[in-house]
Each structure stands twice: as C-alpha cells, then as structure tokens.
Amino acid sequence: MFQTDVPSKNPIFTYHAPTNGPLRALLSIPHSGEDVPAAFNPFLTSDLRAMKEDVDYRVNDLVDIPRLQGSGVGVLQAHVHRVCVDLNRAEENCVMFWKENTKGVPLVLKEASAAEVQSLIQRYHRPYFELMSSLIYELERLVPGKVAMVDLHSMPSAPTAYHLKQNPHQKTHRADFCVSDQKGKTCEPSFIARFVSDLASNGSEVAVNDPYVGGFVTTFVDRFRTNNIQIEINRRIYMDEQTKELIPAKVAVLRPHLTDCLIKGLIG
C-alpha cells in the first residue's frame, strides 16, 4: 500500500496534498493525462490528434488546486493517457480499451499479449487505486461520518456516433454539467443536491445521471464509507472542441466557480 506522505514522487500521477491542516476530502482527475509511456508505443497510433480526441482536456486547469489544497481537499491527478490505461475502468478492460476514438479513428494498431497486459495493469492502473484507497482509509480515520469525494471529468458537447451506438435514445443537447451517483447508489440525496444547486447558481444548466451515471471510480469508491459523485464538464463551456485549445475567457469564469462549488460541496 502507498504511503500517503510520499506519493507525489510517482511519475504516473501527482497527489496534491492539503497545505493547511489534515486531509478533509478528495478530488480525483483520472482522464486529463496526455503522457504516453514508451511501453505503449509498439501498440498505438502515432496520430496525436486522433489520440487527443477523447482526453478530458486540461480538466486539472479548470480548478484552483492550491485553493483546494488550502481547504483540506487532496487532489489526485493522473498523467497517463486514457487510451493507454483507462483509470475509469476495471482492471480486466483498462489497458488499451479504446481501439478507436469516438470519431472512429483507429488508435490501437497491435494487441498486447496477456503477459504484457498484466504488466501494464500492475504498473499503470493499480498504483492509482492503491493510493486512492490509502487516502480514503485515512479520511475514514480523520473524518466523522461519510467521506466526501468527487471524480472530475469532461464530456463532448454533443454525443458522437460512438455514444449514440451505446445509447441511441440519449439527448443530443447536453447540459453544462452532468453530476452522477449511479442513480442514487453512491451518496446521500442531500450530497448530490448540494452540488446541483451550487453548480447551477451562476445560471449553468445541470443534469443528474444524464447522459452519464458514473463510472468505475464511483463504483470502486462506494465500497468505502463515502458520499461520492462524478462530475462531467461540458467541453463547450471551456474549450474549442475543433482545435483542442482552451478558451481563456471561458476558463477565467469557470475556474473560480467550479472551485467554489467543490469546496462547498466537499467540505461544507
């Protein structure tokens, strides 16, 4: 098990520990990483644009991490590209799961052997969840009642052909935020309601469990004594989805609002 006082030395992720007192809550950012370790090069396309299509692009820059740290929120930020290892999926289908991106462009050109897959799981998937477990155990020790956690993501502004294939009945319009609790399974109603209210307080549109209900992280964390949700940010409200670039004026509005909502929702 990882020691929670030294995990920032791990190149697979960064753990931003609280800077003003003990750990009080946790934020996970598993899909914003863009690093492709050399171990994956024999298997993946060299088309960087195709690889970038489904990254939760710079979600870590949409929150004020020092402010979160100062409020007692630990931030666990992954660096490895989700096409290499998808940290929002279970071990059995996390390694190079995305054979093509959501626009249908091939990503995985060669399959890894079973032994190679197990090695990649051991090196790039398990450490994230070992550290997450250590942090939640620490929170259970420090925090009375249920431990608070958010898993933070971004989503395309409209469903792609891939999404429509998975759920042909989903809406083509997506809200500014989608908050998810596995349809009521992973938190108390008041916990998710607070995030819905705070996120909507600036006029943003917020949907609950639509189009996403949560992923492997929310299910994994639910084994602990937690209130935990997933938040998806509509990419339309902070980036140009064609050029894959942040829009500074939009980020300047979103960043303080989202940070405030996370601090209020996680810490109270």
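**Note on a predicted single-chain model**

1. Along its principal axes, the C-alpha trace spans about 50 × 45 × 35 Å.

2. The model is predicted: local features need pLDDT of at least 70 and side-chain atom pairs count only at pLDDT 80 or more, while totals for chains, interfaces and linings use all residues. Residues are numbered from 1 along each chain as its sequence is written, and side-chain values use heavy atoms, with hydrogens and water left out.

3. Seven helices and nine strands make up the secondary structure listed for the chain. They are DSSP runs numbered from the N terminus: helices are H or I of at least four residues, strands E of at least two.

4. Of the 268 residues, 54% count as buried, meaning under 20% relative accessible area with a 1.4 Å probe and protein chains only (exposed is over 50%, partly exposed in between). Among contacts (heavy atoms within 4.5 Å) with a separation of 6 or more, 80% are between residues 24 or more positions apart.

5. The largest nonpolar core has 41 residues, and those with the most contacts inside it are Leu26, Phe40, Leu44, Val95, Met96, Tyr128 and Met132. Such a core is a set of buried Ala, Val, Leu, Ile, Met, Phe, Trp, Tyr and Cys residues joined through side-chain atoms within 4.5 Å. At least two of its residues come from each of β1 (13-16), α1 (48-52), β3 (73-78), α3 (114-142), β4 (147-155) and α6 (216-221). The most is given by α3, with ten residues.

6. Apart from this core lies another, of 36 residues, including Ile65, Leu199, Val251 and Leu262.

7. Tyr128 deserves a look in the viewer. Leaving aside residues up to four places away in sequence, Tyr128 touches Phe13, Ser28, Ile29, Pro30, Leu76, Ala78 and Leu87.

8. Gly215 sits in the loop between β6 (206-208) and α6. Gly215 counts as buried because its relative accessibility is 14%. Residues up to four places away in sequence aside, Gly215 touches Asn88, Gln182 and Gln230. Gly215 and Tyr128 are 87 residues apart along the chain, and their C-alpha atoms are separated by 15 Å.
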